[in-house]
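Here are my notes on the model you sent over. Have the structure open while you read, and go through the points in order.

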Amino acid sequence: MPPPAAFRSVYTCLLATMRGRQQPMGKQRPGSVPESHKVSLYVYIEAGLSYSRPSFLLGTGVRQPRRCRAGDICYRRCRLPGACKTSQRRKSRVNKMASNQRAAVSEDNIVAFRKHLDNYTSGELKRLSEHFRPDLVYVIENDILTVLQELTSRCVITAQQAQDYHDWERNHDSASTAEKLADDILAMNQATGLGLWTCLFALQSRWAHPNLHGMLDEIIQNGQNLLKENLLNENGHTLDAELKVCQKKHKDNLCDLTWMMKENRSSGKSQGLQPPSISSHYVELKVVSDCHFKKQTHQEHEALAAAGELNEYRLQRRMKSELEHIAPDRLFRWCFRSRRVPLSVMVSGVAGVGKTTLVQKFIFDWATGKHYQKFAFVLFFKFRDLNTITEKRSLESLICQTYPHLRDKLSRVLEDPEKLLFIFDGLDESKTDLKLSRSGSHELCMNPGDVKPVTVIVASLLKQTLLKGCSVLLTSRPCKLTSLEAGVFHRVASIVGFLSKERERYFSVFFGDERVSREAFAYVRDSQVLYTLCYNPSYCWITCTALKPCFTPKAGKPQPAPKTVTQLFVSYVTHIMANHTQERPEPQKMRDTLIRVGWLAEYSITNHILVFDLKYLQDFNVEFSPFLTGFLVENPQTDDSSQVTYSFLHLTIQEFFAALVHYLDYKEDKFRDTMAKARSCKEGDYEIFSRFLAGLSHPVTRMPLEKYVGKFSAEATRKVIGWLSEMNYEDLQSPEEPEGKRRLMNVFNLFFESQNSQLVQDVVGKAAHMDFSDLYLMPVDCTVLAYVLSCCEEIQRLTLDSCFIQNEGLERLRPELHKVRELSLLDNDLKDPTMKDICKALKHQNCRLEALSLGKNAFTEQCCEELASALAENRTLLRLELKKNKLRTMGLSYLSRVFESPECKIRKLGLQGTGLSDESCRSLCSALSKNSSLRHLNLSANMFTDRCAEEVHLLILTCPSLTEIRLGLNDFSPEVEKQLKNVQRKGLDIHF
């Protein structure tokens, strides 16, 4: 069957493309296909058409096209009223990415690239492809369909092979499909491998993926050097016998320092278990880089800010277009943004996200010969150790103090700087700033023997005035980046922690038992409050440790699993108390110990101190003991240092004890001073501390702790509840900007932690108005919001427009939606599966919904039968907004049965831009002619033509209750539009 006449020129061009010929398009209508698009799918979609499934069968005949529907892959600019949202979003993303895209790739460019690849032998090309395999898989995984289309159009693979890969992806996942595709092609002959690289080169002009550009840039700019460097990284430099012995001793030393996982070392001792090795227990961390030098703006606690920024959905979207994925063994490879092999690299990440663990694994892999053998010596330092050095030093003395075994050969070690890698971990813990500005260049070191402050030595290595050609790796929390000069670093990367697969693997490694790990992970995933923070490996460990007695009981009933973050940390602390050591102190002594540790934590939080020397412990009468090693750790020191430093296992444990001490040893003046600081702080530093303070006010939450340390202060509880009760809800919910709405959500988090429903009722009121529009709400936010809604008798209005709450978020809100009188969910990209949650609210026996706005989502006719059933049962709804959803004729036919019912009470109905045709108009008009409730009807931006003018005319005259109808942006002729405008009926306004 031939395509419609309107698309005949496109069809002709398509056939020409399939036969391998170019043919002019003739007169092209706006939005038609550019000549450069030679793949059938692109041609069809650009013309406003699409296949019902991806087809790679070029030259085997053309199927009847259909118009785009929601969920189609859409590259066109939709011309129809209510154009498909998929197209609009894609166009927005394309415009946003345009600045990052390179100039269009011509056929001449492609030929030149092929000639460049011809300079490599078959073996060299194979080695290059093997080197880039992780990047190839990562790039292909992000858009398999695009790659398959390009491979097919250039005859690298057959159409049937492409279809097979597409089917494999539907049955498995994109990652395994990308691996299979890359491995299959690279295992074929050289021509096929060349074809893959050619396709990727051709794609770069319309696909702004950093890893794609990075690979191609490295091949073109640094290909031959890369081959040499790969051999060097595998085999290392040729050293004389004496230096080889020195290197072996150094590697053995670093192996001893890094082979054991640090996070669980203390609890492992207490249980008499073999400490876990880093090679078996390390779970890969996601490390990414974008085009910006990140300087944190302090508006939120960094852990909470990261949890929002690194939310899986947002992160995965950004990784498809903006973020370069960097494996740890690629940190010092070619960087296409700086156009060089980097010598200075910064890796940032929030506390506990795995910076030190990543460095530990990096050093262990070097010491065991797995990567970067181009560095003959890796010299590792921690800023928390360097803080103990108060006097000026030279680099030589610093190395000799840390690595005495290098003393005799140090001059030989330092004579080839390009063979050296210096690693400095924890810049944020440095007591002095790193001065990298040009004004301070006269203070820098020139020789390894120059005596300077430690931070000047580090700055000199970075600025290459000292040991020019050496490589330097720094790690830091984001807060420290604000004081650094961006241009000093050739690469800046961020650790984003764990996505879902890594979290699940972590639970599996921790629990060992597959069944238990699945149950524990499912519980955490379901709670969302706990799951959200598990992007951070330290939180993962704390969570698993706290959940262990809940899912692996030794005897009797398992402990109840925590629901709030405060309950999680209470479970963690009580677990340590119960199992950490055989020498557990008596309750009063345990209470006294926790009080002393608590005041240390409280002082350090208010003064921004993370690392303590022995004097700090002595000032607070803290005696370091085996019992405390579950909370405080003794930091490993250098060989010659007599000073020992201490820190809490994690910043959040420090914040927990800072809140706990006010309940164990209440002092009104200290409580007042701390709360004053928390109220005046605008940076979010006290956010988690405040949540712990609120959470510990709940009797059930603190009960497990009271069994070990006695009763909490009743006065402290009253003060905290009083502080929460003083929240002025009207002031909190008045700001319209997202920052103000985020502050309100932070207060809701305090309520959630407190688990005090009466408190929530008193603050929020009986008939609350809540507006979170334009604030991105993660599933965890929806969990917290659902709790607040559950405490309210009634919600007058809940506005969640453009919050992108998605299926999971709406599912968490669903049990409370029936309480809302006016609910707006506009522009959330909600899809058909979420309709079941909305329908459950409509069907609830106590439903109070009077106004429901579902416009600008991705609902289709598939969900309309379910919606119609719910509307038929509902007796409260008066206003229904469905604009800009793809309801179409079939969807409207279900809804029309509701509108014609005498029981229907809907007074205002919005159906603009819902893809309604003339046939839809007839069925709707027939149904509404029997309706006695409808007053306002909006049918704008549909596809009505003159053929349904008679039915519209009849509707205007016969619908008794109608007072307003809108018909603009349809396809009525000017004559018919004029006739309808002139229809007179008392009390009815007609708008075009």
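**Notes on the predicted model**

1. Start with the packing. The largest nonpolar core has 252 residues, and Phe-422, Phe-748, Met-770 and Phe-772 touch the most other members. By nonpolar core I mean a set of buried Ala, Val, Leu, Ile, Met, Phe, Trp, Tyr and Cys residues joined through side-chain atoms within 4.5 Å. Buried is under 20% relative accessible area, exposed is over 50%, and partly exposed is in between (1.4 Å probe, protein chains only). The biggest giver to this core is helix 29 (residues 651–664), with 10 residues. There is also a second, separate core of 38 residues, with Leu-148, Val-156, Trp-197 and Leu-226 among them.

2. A word on the ground rules. This is a predicted model, where local features need pLDDT of at least 70 and side-chain atom pairs count only at pLDDT 80 or more, while totals for chains, interfaces and linings use all residues. Residues are numbered from 1 along each chain as its sequence is written, and side-chain values use heavy atoms, with hydrogens and water left out.

3. For the overall picture, the chain holds 44 helices and 21 strands. Helices (H or I, at least four residues) and strands (E, at least two) are DSSP runs, numbered from the N terminus. Of the 992 residues in the chain, 58% are buried. The accessible surface comes to about 42500 Å², and carbon and sulfur atoms account for 49% of that; the areas come from the Shrake-Rupley method with a 1.4 Å probe, and for residues only the protein chains shown count as cover. Take the contacts between residues at least 6 apart in sequence: 78% of them join residues at least 24 apart. Contact here means heavy atoms within 4.5 Å.

4. Back to Phe-772. Which residues does Phe-772 touch, not counting those up to four places away in sequence? The list is Lys-741, Leu-744, Met-745, Phe-748, Leu-777, Leu-785, Thr-799, Leu-800, Asp-801 and Cys-803.

5. Two strands pair if DSSP finds at least two bridges between them. Inside this order, strand 17 (residues 879–881) and strand 18 (residues 908–910) pair in the parallel sense over three bridges, and Glu-881 sits opposite Gly-910 of strand 18.

6. Strand 10 (residues 612–613) is joined to strand 12 by two bridges, with Asp-613 partnered by Thr-645. Strand 11 (residues 632–634) pairs with strand 12 over three bridges, and there Val-633 has Ser-647 as its bridge partner.

7. Strand 12 (residues 645–648) is worth a look side chain by side chain. Thr-645 and Ser-647 point one way, Tyr-646 and Phe-648 point the other way, and all are buried. In a regular strand the side chains alternate between the two faces of the sheet.

8. Check Leu-817, in the loop between helix 38 (806–813) and strand 15 (820–824). Leu-817 counts as buried because its relative accessible area is 0%. Beyond its neighbours within four places in sequence, Leu-817 is in contact with Leu-798, Leu-810, Leu-823, Ala-841 and Leu-849.

9. Ser-961 lies in the loop between helix 43 (949–958) and strand 20 (964–966) and counts as buried, at 13% relative accessibility. The Ser-961 side chain reaches the backbone oxygen of Leu-934 at 2.5 Å. Thr-717, in helix 33 (residues 714–725), is also buried, at 10% relative accessibility. A polar contact of 2.8 Å links the side chains of Thr-717 and Arg-702. A polar contact is a pair of N or O atoms within 3.5 Å; within protein, one must be able to donate a hydrogen and the other to accept it, and residues adjacent in sequence count only if both atoms are side-chain atoms.
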